[in-house]
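Thanks for coming, everyone. Let me put the structure up and walk you through a few features.

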Amino acid sequence: MSTLLMDAATPKKTAVIYRMVMSSHICPDGLKVKDLLQRSGYEVEDHHLTTREETDALKEQHGVKTTPQVFIDGHRIGGHDDTRRFLGKRVADPKATTYRPVAVLFAMTALTAMAASYAVTGNAFSLRAVEWFIGFSMVVLALLKLQNVETFATMFLNYDLLAKRWVLYSYIYPYAEGLAGILMVAGALTWLSVPIALFIGTIGSVSVFKAVYVDRRELKCACVGGSSNVPLGFMSLTENLMMIAMAFWMSLSALGIIPFAHAM
């Protein structure tokens, strides 16, 4: 009984949304802000702007340039990001630097390597899983660079010492990294994959170390492609150090000094 009285006494939170819902376009931000408000406990009065004329009229009426537009208690809150701020939620800065893309990539390639090792050997934590982790990481990193080689090359030229002297190297690099990674996963043509990985890994490590720790430059890393916001730094060295480590490992394996998992 008391619960019913409390529910009746508590005013319901309501919000009004004006968003584009046309035959050729449904505004993604409109869908997101509607979902956000509903999850935040608001009853949403959803108004669809079904024509360009209706959309332009709303913008002109409220002096805004974009939709959706959210109103709460008769006050205009704004669009999706404005509503997130109003609700006390974090708004991501698209220009902010972050290591998240690299961290997610390495986590996924590690899990993939463990899954593949388990499928082949019955053991997810095998030596082969470690080798595959490095190989898979190289392949995926190369794939991200190859999505747009031009933007990668532009960012790469900011810090790579060899690319600054020989611009063509910035276009060759992602193909070389991908080839070395594939050969390392296969455990084939060691005579080719090891020199490639050792060469590009060493040049990359020296370049990153000089740019970050000697010249103290604040740059973005091209390791996950030319449009990323990953800062050039310690994590950026990881890509190159992994290639160097794998090259040495495979070299020692080829000489019979240590066992190579693919031969097991």
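Start with Lys210. Lys210 is partly exposed, because its relative accessibility is 34%. Partly exposed sits between two cut-offs: buried means under 20% relative accessible area, and exposed means over 50%, with a 1.4 Å probe and protein chains only. Areas come from the Shrake-Rupley method with a 1.4 Å probe, and for residues only the protein chains shown count as cover.

A word on the source. This is a predicted model, so to speak of local features we need pLDDT of at least 70, and side-chain atom pairs count only at pLDDT 80 or more, while totals for chains, interfaces and linings use all residues. Residues are numbered from 1 along each chain as its sequence is written, and side-chain values use heavy atoms, with hydrogens and water left out.

Back to Lys210. What does Lys210 form a salt bridge with? The partner is Asp215, with the closest N and O atoms 2.8 Å apart. A salt bridge here is a side-chain nitrogen of Lys or Arg within 4 Å of a carboxyl oxygen of Asp or Glu. Asp215 is partly exposed too, at 35% relative accessible area. Elsewhere, salt bridges with shared partners join Arg19, Lys34 and Asp46 into one network. The rule gives eight salt bridges.

Two more of these pairs sit inside helices. Helices are DSSP runs of H or I, at least four residues, and strands are runs of E, at least two, numbered from the N terminus. In helix α2, residues 28-39, Arg39 and Asp35 are four residues apart, about one turn. Their closest N and O atoms are 2.7 Å apart in the salt bridge. Arg39 counts as exposed, at 58% relative accessibility. Asp35 is partly exposed, at 35%.

The other pair is Asp82 and Arg85, with closest N and O atoms 3.2 Å apart. They are three residues apart in helix α4, residues 80-86, so about one helical turn separates them. Asp82 is partly exposed, at 36% relative accessibility.

Now the inside. A nonpolar core is a set of buried Ala, Val, Leu, Ile, Met, Phe, Trp, Tyr and Cys residues joined through side-chain atoms within 4.5 Å. The largest one has 36 residues, and Met138, Tyr159 and Tyr173 are among those with the most contacts inside it. Which element gives the most to this core? That is α10, with seven residues. Apart from this core lies another, of eight residues, including Ala15 and Ile72.

Look at Tyr173. Leaving out residues up to four places away in sequence, Tyr173 touches Lys145, Phe152, Phe156, Ile200, Glu239, Asn240 and Met243. Contact means heavy atoms within 4.5 Å. Tyr173 is one of the buried residues of α9, as are Pro174 and Leu183. The 19 residues of α9 should span 27 Å at 1.5 Å a residue, and the end C-alpha atoms are 28 Å apart, which agrees. The expected span is 1.5 Å times one less than the number of residues. Just after α9, Gly187 takes a positive phi of about 70°.

Last, the surface. Phe209, Tyr213, Val214 and Phe234 form a nonpolar patch, with about 410 Å² of accessible area together. Patch residues have over 30% relative accessible area and no salt bridge; like charges are joined within 9 Å, nonpolar side chains (Val, Leu, Ile, Met, Phe, Trp, Tyr) within 5 Å. Helix α10, residues 190-214, gives the most here, with three residues. Val214 lies in that helix, and is exposed at 51% relative accessible area.
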